[in-house]
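Let's go through a few questions about pockets and salt bridges. Have a look at the model first.

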Amino acid sequence: MIDYIVQFLLLMLIMIEATLIFSYYSHPKMPANIIGYAPYVIGKDDNVLNLQKGDLMIAKIPNRIAKKDDVVCYRDRETIGMGKVIETSKEWCHIENRSQRIYISHHQVIGIKTGKIPYAGKIFIFITSHMEWLLVGCTVAMAPDIYRYYRHKKSLIYKENKKEERV
């Protein structure tokens, strides 16, 4: 029973990773997302944003203008930054992050924080860096089930052929 649960969890994580990879390559200008929610792995502790290294921040692709005290992800040239909105107007946001305060336009905001999962970012990094080994492991773990399925299917076909020969 436990092996089925582990197989299911591994397959779900691999499906999530595959969906994110497909999303990234199909829309390179947008962050990789699943149904409008994008995961961001936190690389360094950030006291301003109340995030620790290894956390997984979930951000919704914005359909509204960021408000004061929202934690946002923004695109600054080729990099992605995170910050807390201090002040906002119709055209810009004043953002504070661990090292500076900057002004960005609302078009640069690519995500607004909806939640976080502590230390789950480390799991995503592990899966991304070991994807081929996880696929091999899942295949090996599922091999007995696959063998039983095809053996049972073969015996059913054999029984049907025997019935047809009798008739």
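Q: Is Asp 55 buried or exposed?
A: Keep in mind that this is a predicted model. The cut-off for buried is under 20% relative accessible area, and Asp 55 comes in at 1%. So Asp 55 counts as buried.

Q: Which residue forms a salt bridge with Asp 55?
A: Look for a partner with its closest N and O atoms 3.7 Å apart from those of Asp 55. The pair links distant parts of the chain, 61 residues apart, with Asp 55 in the loop between strand 1 and strand 2 and its partner in strand 7.

Q: In the salt bridge of Asp 70 and Arg 64, what is the N to O distance?
A: Here Asp 70 is buried at 15% relative accessible area, while Arg 64 is partly exposed at 38%. Their side chains meet in a salt bridge, N to O, at 3.0 Å.

Q: Which element gives the largest share of the lining of the largest pocket?
A: The largest pocket holds about 790 Å³ of space, and 29 residues line it. The largest share is five residues, and it comes from helix 1.

Q: How many charged residues are in the lining of the second largest pocket?
A: This pocket has a volume of about 190 Å³ and is lined by 13 residues, with Pro 39 and Phe 124 among those nearest its centre. By class, the lining has 13 nonpolar and no polar residues, and the number of charged ones is likewise none.

Note on methods: Residues are numbered from 1 along each chain as its sequence is written. This is a predicted model: local features need pLDDT of at least 70, side-chain atom pairs count only at pLDDT 80 or more; totals for chains, interfaces and linings use all residues. Side-chain values use heavy atoms; hydrogens and water are left out. On a 1 Å grid over the protein atoms alone, a cavity is a set of points where a 1.4 Å probe fits but cannot get out, and a pocket is an open set with protein on both sides within 12 Å along at least five of seven lines; lining residues have an atom within 4 Å of a point. Grid points are joined across faces, edges and corners, and a volume is the space filled by probe spheres set on the points. Helices (H or I, at least four residues) and strands (E, at least two) are DSSP runs, numbered from the N terminus. Ala, Val, Leu, Ile, Met, Phe, Trp, Tyr, Cys and Pro count as nonpolar, Asp, Glu, Lys and Arg as charged, and the others, Gly among them, as polar. A salt bridge is a side-chain nitrogen of Lys or Arg within 4 Å of a carboxyl oxygen of Asp or Glu. Buried means under 20% relative accessible area, exposed over 50%, partly exposed in between (1.4 Å probe, protein chains only).
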